[in-house]
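Me: I have a chain open on my screen and would like to talk it through with you, starting with the overall fold and then going residue by residue.

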Amino acid sequence: SIENCSEEEVPRTSQPEKRPDDEIDLKLVLEACPATCDYPEPIRGTYDLITAGSYLRASTTVGTEAWSTSAAAIGGRQTAIAVIYAYQRINDDVASGANRIRSHGGFTKSILDGVAAGKINLRAELTALRRKHLQ
């Protein structure tokens, strides 16, 4: 009977920890990172954002293992935003002619690791980058 199939809800002892970066607005990402136009589809929501990050990941030379590790640690959305941020920074470096970022993959991996460790505030970094691009 249906009564035998009912599941009891197990109460949580605590809510999952939410980081301040978890609620980064899509508009902030798109304004801070105009290089997302290199992704051939419009970015309208979380699914598109993650797909764009995965697509642009290859251009940063970060491997799928680093993507997977980061996604397990900070989530797919945050990983995508971090990769898009790194991609924009790499593009800005190349466009300026400075070429200070020698290893694109290493740079992107350091961004992913920094976000996961809480050493990089992605929202603050994106806000600063947006100011730079809107000037």
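What follows is a chat about the fold, the pocket and a handful of residues.

Me: Before we start, what kind of model is this, and how are things counted?
Reply: This is a predicted model, in which local features need pLDDT of at least 70 and side-chain atom pairs count only at pLDDT 80 or more, while totals for chains, interfaces and linings use all residues. Residues are numbered from 1 along each chain as its sequence is written, and side-chain values use heavy atoms, with hydrogens and water left out.

Me: OK, how many helices and strands are there?
Reply: The protein chain has seven helices and zero strands, where helices (H or I, at least four residues) and strands (E, at least two) are DSSP runs numbered from the N terminus. The pattern along the sequence reads α-α-α-α-α-α-α.

Me: And how much of the chain is buried?
Reply: Of the 135 residues in the protein chain, 36% are buried, with buried meaning under 20% relative accessible area, exposed over 50%, and partly exposed in between (1.4 Å probe, protein chains only). The chain exposes about 8500 Å², and carbon and sulfur atoms supply 50% of that area, as computed by the Shrake-Rupley method with a 1.4 Å probe, where for residues only the protein chains shown count as cover.

Me: What share of the contacts joins residues at least 24 apart?
Reply: Taking contacts between residues at least 6 apart in sequence, 69% join residues at least 24 apart, and a contact here means heavy atoms within 4.5 Å.

Me: Switching to pockets, what volume does the largest pocket have?
Reply: The largest pocket has a volume of about 180 Å³. On a 1 Å grid over the protein atoms alone, a pocket is an open set of points where a 1.4 Å probe fits, with protein on both sides within 12 Å along at least five of seven lines, and lining residues have an atom within 4 Å of a point. Grid points are joined across faces, edges and corners, and the volume is the space filled by probe spheres set on the points.

Me: Which helix gives the most to the lining?
Reply: Helix α5 gives the most, with five residues, and both α5 (76-96) and α7 (122-134) supply at least two residues each. The lining includes Tyr85, Arg89, Asp93, Arg100, Glu125 and Lys132. By class, the lining has four nonpolar, one polar and six charged residues.

Me: You listed Asp93; is that residue buried or exposed?
Reply: Asp93 lies in helix α5 and counts as buried because its relative accessibility is 6%. Leaving aside neighbours within four places in sequence, Asp93 is in contact with Ala98, Asn99, Arg100 and Ile101.

Me: Asn99 turns up there, so what is its phi?
Reply: Asn99 has a positive phi of about 50° although it is not a glycine. Most residues other than glycine have a negative phi. Asn99 sits in the loop between α5 and α6 (104-117) and, at 38% relative accessibility, counts as partly exposed.

Me: Where is Thr61, and what is its phi?
Reply: Thr61 is in the loop between α3 and α4, and its phi is positive at about 65° although it is not a glycine. Thr61 is exposed, with a relative accessible area of 56%.

Me: What about Val62, buried or exposed?
Reply: Val62 lies in the loop between α3 and α4 (64-74), and at 4% relative accessibility Val62 counts as buried. Its contacts, leaving aside neighbours within four places in sequence, are Arg57, Trp67, Gly105, Thr108, Lys109 and Leu112. Val62 and Gly106 are 44 residues apart in sequence and 7.6 Å apart in space, C-alpha to C-alpha.

Me: Last topic, how many disulfides does the structure hold?
Reply: The structure holds zero disulfides, a disulfide being a pair of cysteine sulfur atoms within 2.5 Å. Cys33 is buried, with a relative accessible area of 1%, whereas Cys37 is exposed at 63%.

Methods
Ala, Val, Leu, Ile, Met, Phe, Trp, Tyr, Cys and Pro count as nonpolar, Asp, Glu, Lys and Arg as charged, and the others, Gly among them, as polar.
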